[in-house]
Amino acid sequence: MYRRPTLLLLLGDIIYIDHPNDFSFDGAAYLRRYRQLWSDAVYASMRRHVPMVAAFDDHEFVNNFDAPTEQSDLFRPALAAWRAYIGR
């Protein structure tokens with residue numbers, strides 16, 4: 001029997017900005033990765049029909065990212081993209 005999911009829980013690794021072919025860590029690169037994910041038909045349908053709770057981890061910024069104050073040039077545009085697509 002099919003049951004509709006009651007919650008979409010995203011626990012990091014939503015986008016992999018640190019992919020080997022993607023070394024431009026600017027605002028456009030972060031927004032492009034979220035736009036690619038959001039344009040996926042299955043993923044878009046899930047987001048429309050199921051409440052979502054999300055948390056980011058290092059891959060939303062850069063691999064092994066752990067110092068937002070020291071690396072603010074990476075943190076600010078990545079967080080802006082996160083807020084534009086994920087919110088809150």
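This is a short tour of the structure above, one selection at a time.

Before you start, note that this is a predicted model, where local features need pLDDT of at least 70, side-chain atom pairs count only at pLDDT 80 or more, and totals for chains, interfaces and linings use all residues. Residues are numbered from 1 along each chain as its sequence is written, and side-chain values use heavy atoms, with hydrogens and water left out.

**Stop 1: the whole chain.** Show the protein chain as a cartoon and you will find three helices and two strands, running β-α-α-β-α from the N terminus. Helices (H or I, at least four residues) and strands (E, at least two) are DSSP runs, numbered from the N terminus. Of the 88 residues, 35% count as buried; buried means under 20% relative accessible area, exposed over 50%, and partly exposed in between (1.4 Å probe, protein chains only).

**Stop 2: helix H1.** Select residues 27-38. H1 has twelve residues and reaches 17 Å from its first C-alpha to its last, close to the 16 Å expected at 1.5 Å a residue; the expected span is 1.5 Å times one less than the number of residues. Which residues of H1 are buried? They are Ala29, Tyr30, Arg33, Tyr34 and Trp38. An α-helix has 3.6 residues a turn, so residues three or four places apart point the same way.

Stop 3: Not counting residues up to four places away in sequence, tyrosine 34 touches Ile14, Ile15, Glu60, Ala81, Trp82, Tyr85 and Ile86. Contact means heavy atoms within 4.5 Å.

**Stop 4: aspartate 13.** Go to the loop between strand E1 (8-11) and H1, where aspartate 13 sits. Aspartate 13 has a positive phi of about 60 degrees although it is not a glycine. Most residues other than glycine have a negative phi. Is aspartate 13 buried or partly exposed? Aspartate 13 counts as partly exposed because its relative accessibility is 31%.

**Stop 5: strand E2.** Now pick alanine 55, in strand E2, which is partly exposed at 33% relative accessibility. Leaving aside neighbours within four places in sequence, alanine 55 is in contact with Leu10, Leu11, Gly12, Ile14 and Trp82. Alanine 55 and isoleucine 14 are 41 residues apart in sequence and 8.8 Å apart in space, C-alpha to C-alpha.

Valine 53 also lies in E2 (residues 52-55), and counts as partly exposed at 44% relative accessibility.

**Last stop: helix H3.** Finish at arginine 76 in helix H3, which is exposed, with a relative accessible area of 54%. The C-alpha atoms of arginine 76 and phenylalanine 61, 15 residues apart along the chain, are separated by 9.4 Å.
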